[in-house]
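Please read it alongside the coordinates.

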Amino acid sequence: MGEKPKFYITTAIAYTSRKPHIGNSYEIVLTDAIARYKRMLGYDVFFLTGTDEHGQKIEEYAKEAGVTPKEYVDKVAGEIRGICDSLNTTYDKFIRTTDDYHEKTVQKIFKKLYDQGDIYKSEYEGLYCTPCESFWTESQLDENGCCPDCHRPVQKAKEEAYFLRLSKYQKQLEEFIESHENFIYPEARKKEMLNNFIKPGLQDLCVSRTSFKWGIPVTFDPKHVVYVWVDALSNYITALGYDPDGSSDLYKKYWPADVHIIGKDIVRFHTIYWPIMLMALGEPLPKQVYGHPWLLFGEDKMSKSRGNVIYADDLISVFGVDAVRYYLLAEMPHAADGSITYETMIERYNSDLANTIGNLVNRTVAMQNKYFDGVVQPGNVTGEFDDEVKALAVQTLSDVDRCFNEYKISDSVACILTLARRLNKYIDETMPWALAKDETKKARLGTVLYNLLEGIRYLAILLSPYMPDTSKAIFEQLGTDVRDYDSLRTFGGLKVGEKVGEAKPLFNRIDAEKLIAELTAAQKENQAEEKKVAAEVEGLAQIGIEDFGKVELRVAEVTACEPIKRAKKLLKLTLDDGTGTPRTVASGIAKWYTPDDLVGKKVILVANLKPAVLCGVESNGMILAADCAEDDVKVLFVDGMPNGARIR
């Protein structure tokens with residue numbers, strides 16, 4: 001036997017800001033299914049996942065939680081790894097960017113790139129989005145003047161920084177992408193990167209920060225920390241033991257990666273920044289980057305603020321691990337966003353798993369036990385429909401392989417389900433219960449059941465990357481140890497004379513109406529408990545006097561006011577807050593007030609709010625208003641008070 005072909009596959013590493021929802025968990029299940037499938041084909045697979053743990057956002061979350069950044073990321077990284085494990089994923093390594101070996105190698109990478117002139121020191125001035133840890137120019141902002149990725153407000157930022165010379169490698173990258181047809185996949189993502197980002201011209205990339213401390217220090221300039229791109233993206237090689245001074249055998253064996261599995265929102269980082277880093281290091285580029293779509297809640301992106309977040313562990317507690325894995329892989333299209341709700345989850349569970357697959361296995365094994373004491377009979381008395389079933393089983397093998405090679409995983413699930421439906425139809429066509437009544441047709445009955453059991457064996461093997469526990473359960477009922485992939489190339493691998501096991505239901509049907517009622521009641525109960533914990537009076541959380549003292553409230557007079565052209569909701573207010581310097585505030589009250597309503601009025605200003613850029617206007621503060629009724633907002637006016645008066 002020759003050496004196994006290698007296959008190195010990675011997920012994007014999860015950011016340790018919050019517990020990931022089911023939309024985030026889709027990626028690890030998708031990657032696991034591909035890794036399992038490749039192992040089944042005989043590949044030597046290395047499957048990497050992990051967590052991205054540095055940055056300003058983490059530093060701020062930790063401060064809010066009253067813990068150190070390391071304590072904060074330890075907790076969230078533990079939750080992320082726990083979810084990976086609960087979803088029965090078979091990663092070979094879980095990297096954390098706070099791992100000592102990773103941090104040391106990132107410092108070496110940064111120094112190497114600096115020494116050879118690919119990183120240089122300069123100054124950055126731009127619009128910064130803290131949640132995305134990204135700088136933007138004004139022309140890149142969305143229609144509301146916010147971050148084009150997460151659509152939150154951005155802030156003006158200016159600081160000394162080191163930059164990676166993306167511009168130096170632009171032509172080389174463009175030529176590589178155009179000459180490697182499947183490097184960026186699917187095709188639409190490739191066109192987007194080339195036409196929207198690369199060909200218009202690459203700007204050099206900010207790769208260090210001085211405005212926060214929670215990061216990997218630059219060894220030769222310790223007031224700088226290595227910015228997310230060099231830090232996080234390097235995990236794909238540091239995990240294998242890459243070192244500019246001499247890499248490990250593991251790195252030499254598995255790099256370059258066969259595929260990075262990532263979300264469509266971070267394709268730019270993985271197909272522009274990452275390849276250029278590798279080019280600068282003189283290392284091979286990954287063979288492929290697959291940007292998968294998102295899993296939405298209904299038609300909306302999942303968001304805790306919208307109250308539409310579903311977590312993997314909650315789904316597992318209701319439906320079981322394999323049903324959750326199956327839904328994620330079956331429901332997500334190849335190039336369009338998928339959707340999940342409890343209703344659609346129940347519907348697919350009942351139709352695909354309980355009715356189609358579960359019922360097929362249960363009644364076939366039950367009939368084998370009933371009519372032949374469980375002993376598998378020779379399949380040598382052929383009849384109508386047999387050839388069609390056999391041909392479809394073998395065809396399903398090649399169809400699934402094609403789908404996996406194109407990462408059309410939901411299509412591969414559909415192929416397997418088509419075989420299961422055809423086997424159910426075969427039962428109706430051949431009517432084993434009728435054959436059993438005629439002793440002269442006993443051999444034909446044995447053949448029909450053989451074909452069904454053999455078809456189920458195909459299902460058990462092909463389903464193993466998607467539903468590994470269900471696959472094992474099916475094999476226990478089949479009672480066979482012929483479980484290798486190659487045995488599917490010719491129909492008839494099931495051994496005559498073996499005995500099937502006991503027929504047991506794989507999936508019990510769910511009462512949809514009852515379960516939805518229970519879930520709705522539980523959700524309401526949880527929401528009520530959250531409100532109770534968070535608030536003592538009218539939904540307001542208790543705070544100490546020292547917390548209130550941090551907010552600086554001042555009386556300010558509106559001296560000028562005008563609409564903001566790029567945003568229908570916003571008004572631009574010019575305020576006199578008693579300091580002698582006019583202050584600009586953007587306020588989302590245009591629906592309820594005109595400029596004439598406000599000029600000359602005195603308002604309450606939150607004076608020490610961090611500045612934010614809204615639709616191109618830098619807003620330095622916020623004015624107080626009250627929600628008085630449904631869709632009715634009233635500004636708090638304090639006419640008669642002196643400008644600048646402190647409100648305590």
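K108 is partly exposed, with a relative accessible area of 33%; partly exposed is the class between buried (under 20% relative accessible area) and exposed (over 50%), computed with a 1.4 Å probe on protein chains only. The structure is a predicted model, in which local features need pLDDT of at least 70 and side-chain atom pairs count only at pLDDT 80 or more, while totals for chains, interfaces and linings use all residues. Residues are numbered from 1 along each chain as its sequence is written, and side-chain values use heavy atoms, with hydrogens and water left out.

Side chains of opposite charge can pair when their charged atoms come close. A salt bridge here is a side-chain nitrogen of Lys or Arg within 4 Å of a carboxyl oxygen of Asp or Glu. By this rule the model has 40 salt bridges. Three of them are tabulated below.

| Salt bridge | N to O distance |
|---|---|
| K6 and D258 | 3.0 Å |
| K108 and D245 | 3.2 Å |
| R421 and D352 | 3.9 Å |

Helices (H or I, at least four residues) and strands (E, at least two) are DSSP runs, numbered from the N terminus.

In the salt bridge between D258 and K6, D258 belongs to the loop between α9 (249–254) and β13 (259–263) and K6 to strand β1 (residues 6–11), so the pair ties together parts that are 252 residues apart in sequence. D258 is buried at 11% relative accessibility, whereas K6 is partly exposed at 22%.

K108 and D245 also form a salt bridge. Because K108 sits in helix α4 (residues 100–115) and D245 in the loop between α8 (235–238) and α9, this pair ties together parts 137 residues apart in sequence. D245 is exposed, with 66% relative accessibility.

R421 is partly exposed at 43% relative accessibility, and D352 is buried at 4%.

Salt bridges also link E53, K70, D74 and R96 in a network.

Which residues does S17 touch? S17 is found in the loop between β2 (14–15) and α1 (22–40) and is buried, with a relative accessibility of 13%. Leaving aside residues up to four places away in sequence, S17 touches K57, I58, Y61, Y72 and V76, where contact means heavy atoms within 4.5 Å.
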